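Here is a short briefing to keep beside you while you look over the fold.

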Amino acid sequence: MIQFILNNQLIKTDKPASTTLLDFVRYEENLRGTKIGCREGDCGACTVLIGTMKEGKLEYMSATSCLTPLPNVHGKHVVTVEGLNLPDKLNQAQQAMVDCSGTQCGFCTPGFVNSMCGYALTCGESTLESAISAIDGNICRCTGYKTIERASAKLAEKLKSKDQENPMAWLVANEFVPDYFLNIEERIKTIQTNEYKSNGQIPIGGGTDLYVQKHDELHNVDLDYLFDKEHLNGISFYGNTCVLKSSVTVTDLIENKTLLDAIPNWYHYLKLLSSTPIRNIATIAGNIANGSPIGDFTIILLAMKAQLTLTNKANETRKVMLKDFYLGYKTLDKKADEIISEIAFKLPTNGTKFNFEKVCKRQYLDIASVNSAITVSSFENSITEAHVSMGGVGPIPKYLAKTSEFLANKTITVSVIKEAEQVLQTELSPISDARGTEAYKRLLGRQLFFSHFITLFPETIKMDDLI
């Protein structure tokens, strides 16, 4: 039995666990404000809010309901646009959209309103940048966005006076959310149930890959729901080693202070990965197990010399380096009953620098044409160790072993970088497809490789000398 609060109503359901949250709220509860758009997590028309108890406090996030299996909201609070309505007037997000003419056909509007109310619930210091960032997973084909951005700006301005000591009471008093929100935390505590038990043959985390690939096939499939299993959640640090449990999400990483302090531009790099509602539910292990040749976080971890821990049904573990995990296109060094339970990598220390680059048809919310990452350790003007990775240039996420080996113990000069790029080209095997021709991808590989050194060693390596 799956239990959760949907808006202001307690839900107990024995519907198939593989049912998506979107289908449940629309077809079982007749809440039609949550729209069906792409069913791939791209358009944001199905955006809902999910409130989860974390360390004794209810925390909300936006999520794409089209990719969320029902067990992932077990014991939580789900909010659709209907659950944000005030009795006799518009809430602040709805009013801002009206005042700024932020809606035309209206199909996307519920998703935008949910994301904006989610921002009101979660923001600390309110800024225009962060308010607009909160709607980065919502697409509108009518307005040109400027009216919606103005609505977000209006909301952000009102939220500058938010009481951070008693935020929910302030949000209710100032008509951002209805007053039933005041009691949700206590109600969630009363329905807190044991962890949802599952032991299916196919593991699923956030659902952002599996439901895209096999939505119609999953309705009667016995899945193993991993997203909320306690032993698969958490980020730990042992010296300069970071260990991620497999259900850690991109948002968990983008908000982790230790990682933000240890890796310059970490926030900027991870903002290039998908959108806020997807980052909130997409797990790192899922990105790795997907085996996509252009998986962004896979490319980042390859350059960080990540090591995986695989665990089978008998709780037996083995370790494998991420660079050895990919045997061929979508072929992994993983047995059918194994899951990725941990991912470990070293944080950059003194003398070690990291950089990530990505090129796609639009800057955000897109799959890379080519992406690349590098970790470089140097002393004075010499490279002591380098690890380079690149995606979109072969059938697997590529660790560039020959290029990395060539760079070791070399002086950081323009001639060395150019020579290393020639080695790099021997490791690439791109194909022409919808994201570009082979020649274009080789050119991107070259430019991104050069960009690493222009970014990390600006005093030594100049763009004009390389290009």
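In the charge count used here, Lys and Arg are positive and Asp and Glu are negative, while His and the chain ends are left out. By that count, this predicted model carries 48 positive and 53 negative side chains, and the centres of the two sets are 2 Å apart.

**Overall shape and surface**
- The protein contains 18 helices and 18 strands.
- Its C-alpha atoms fill a box of roughly 70 × 55 × 45 Å along the principal axes.
- A compact globule of 467 residues would have a radius of gyration near 23 Å, and the protein agrees because its own value is 23 Å.

**Burial and contacts**
- Of the 467 residues, 55% count as buried.
- Taking contacts between residues at least 6 apart in sequence, 63% join residues at least 24 apart.

- In soluble globular proteins, nonpolar side chains tend to be buried together.
- Here the largest nonpolar core has 40 residues, and Ile 284, Ile 288 and Phe 325 have the most contacts inside it.
- Elements that each supply at least two residues of this core include strand E9 (241–245), helix H13 (284–290) and strand E15 (352–359).
- Helix H14 gives the most to this core, with six residues.
- Beyond its neighbours within four places in sequence, Phe 325 touches several residues, among them Ile 288, Leu 308, Leu 310 and Asp 333.
- A second, separate core has 39 residues, including Leu 49, Ala 131, Ile 135 and Ile 184.

Terms used: Residues numbered from 1 in each chain as written. Predicted model: local features only at pLDDT ≥ 70, side-chain atom pairs only at ≥ 80, totals over all residues. Heavy atoms only, no water. Helix = DSSP H or I, 4+ residues; strand = E, 2+ residues; numbered from the N terminus. Rg over C-alpha atoms; globule rule 2.2 N^0.38 Å. Buried < 20%, exposed > 50% of the residue type's maximum accessible area, 1.4 Å probe, protein only. Contact = heavy atoms within 4.5 Å. Charge placed at Lys NZ, Arg CZ, Asp CG, Glu CD. Core = buried A, V, L, I, M, F, W, Y, C linked by side-chain atoms within 4.5 Å.
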